[in-house]
Amino acid sequence: MTHPDAPTRARVTQALRAQRIETPSWAYANSGTRFKVFPQEGVPRDPYEKIADAAMVHRLTGVAPTVALHIPWDRVDDYADLARYATEQGVTLGAINANVFQDNDYRLGSVTNPDPGVRRKAIDHLLECVDIMDRTGSRDLKLWFSDGTNYPGQDDIRARQDRLAAALREAYDRLGDDQRLLLEYKLFEPAFYATDVPDWGTAYAHCLELGPKAQVVIDTGHHAPGTNIEFIVAFLLRAGKLGGFDFNSRFYADDDLMVGAADPFQLFRIMREIVGGNALRPEAGIAFMLDQCHNIEPKIPAIIRSVLNVQEATAKALLVDADALAAAQRAGDVLGANAVLMDAYHTDVRPLLAELRAEAGLDPDPIAAYARSGYFERIRTERAGGQQAGWGA
Ligand code: LRH
Ligand code: MN
């Protein structure tokens, strides 16, 4: 499809203008692998500087108005002041990510730990995160548990599920009316035998048990190779249990690379299910978040590139001729139906997105605009001293 007709262009551009992508505070900070964390110049030293960088991404892209926080990496004395600062910068604070995967006490698990004292400590952290949400005005409590075992027999799989369910119940019951609990699953790592929330089915079952304010987060790097993620998207959307995404991409495991970098066709297929399920609009309540680590590449340009990758996949998904697709599917026209999808996928949507940015008063090329802005040179100088932020692992 070379140039969409006027009605199609109007429908597509209206949807793209309403798109909202949340960037993660930790992607602006130092990160790495167990082998090495390579520090970079200009990296933020505190949550305020992380928010300033996120605000720069929003100023250049126009579609990244919220920043996810991670506790304790983003712990501050005054969360209301942090929220005020974010607003001043033109963004707001998004999901609050709990962290029960870095304390020595959690060697054998956090909320699933055999020791009730350790479980209590972990649950109290989840409750503290809801207190923080009350002060930041955040809607989502995002929970990922590294909990699991490394050897068969190490612990009782069913007993750990009972402990997990009890902890989730306590956190869920603490939520306010407009707050949600988003449960993230991951196949393995750091546990290498059994992870307590390993897949979408386990997360879905726990969210069903909890209630309407509990939904599943799909981290695109958390599946076994070959997993059809768009099937999971379609299934959870249909069930009203898809709360959001942690977007990134991978060639092998949880590589946390830029979304769309390793498999842009997969991202297109995922966004196709979102568009097909009429779930792109903000009112549908899906949190489109990035969860990435820029271990060797410059962080802010990488996040801008990632936002653009999501926009491009979304634009292609919106260009799918839904009527032609439905007709081919009804007719059992296998190749015809696939061709309709591929036609949209092979459409170069970059000119359309560049026009959209220009219409919004933004530079058509945010990456070039960032390079010309002098922002990096400024933060490199301003942030020369002090302790750079990171995962503290
Ligand atoms: C776990 C995970 C989770 C976060 C962390 C930063 O791999 O995807 O979403 O808490 O990364
Ligand atoms: Mn994640």
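**View 1. The shell around ligand 1.** The residues around ligand 1 divide into three nonpolar, two polar and seven charged (Ala, Val, Leu, Ile, Met, Phe, Trp, Tyr, Cys and Pro count as nonpolar, Asp, Glu, Lys and Arg as charged, and the others, Gly among them, as polar). The model is predicted: local features need pLDDT of at least 70, side-chain atom pairs count only at pLDDT 80 or more, and totals for chains, interfaces and linings use all residues. Residues are numbered from 1 along each chain as its sequence is written, ligands are numbered from 1 in the order in which they are written, and side-chain values use heavy atoms, without hydrogens and water. Among the residues that surround ligand 1 are W26, H70, K142, W144, K186 and W391.

**View 2. Side chains at the oxygen atoms of ligand 1.** A side-chain N or O atom of E184 is 2.7 Å from an oxygen atom of ligand 1. For D219, a polar side-chain atom lies 3.0 Å from a ligand 1 oxygen, and for H222 a side-chain N or O atom is 3.2 Å from an oxygen atom of ligand 1. Taken alone, ligand 1 exposes 300 Å², and the protein buries 97% of that (Shrake-Rupley method, 1.4 Å probe).

**View 3. S138 in its loop.** S138 is found in the loop between α4 (116–136) and β4 (140–144); helices (H or I, at least four residues) and strands (E, at least two) are DSSP runs, numbered from the N terminus. The side chain of S138 reaches the backbone oxygen of G94 at 2.6 Å. S138 has a relative accessible area of 4%, so S138 is buried (under 20%, 1.4 Å probe, protein chains only).

Technical notes
A residue is near a molecule or strand if one of its heavy atoms lies within 4 Å of it. A polar contact is a pair of N or O atoms within 3.5 Å; within protein, one must be able to donate a hydrogen and the other to accept it, and residues adjacent in sequence count only if both atoms are side-chain atoms. Buried means under 20% relative accessible area, exposed over 50%, partly exposed in between (1.4 Å probe, protein chains only).
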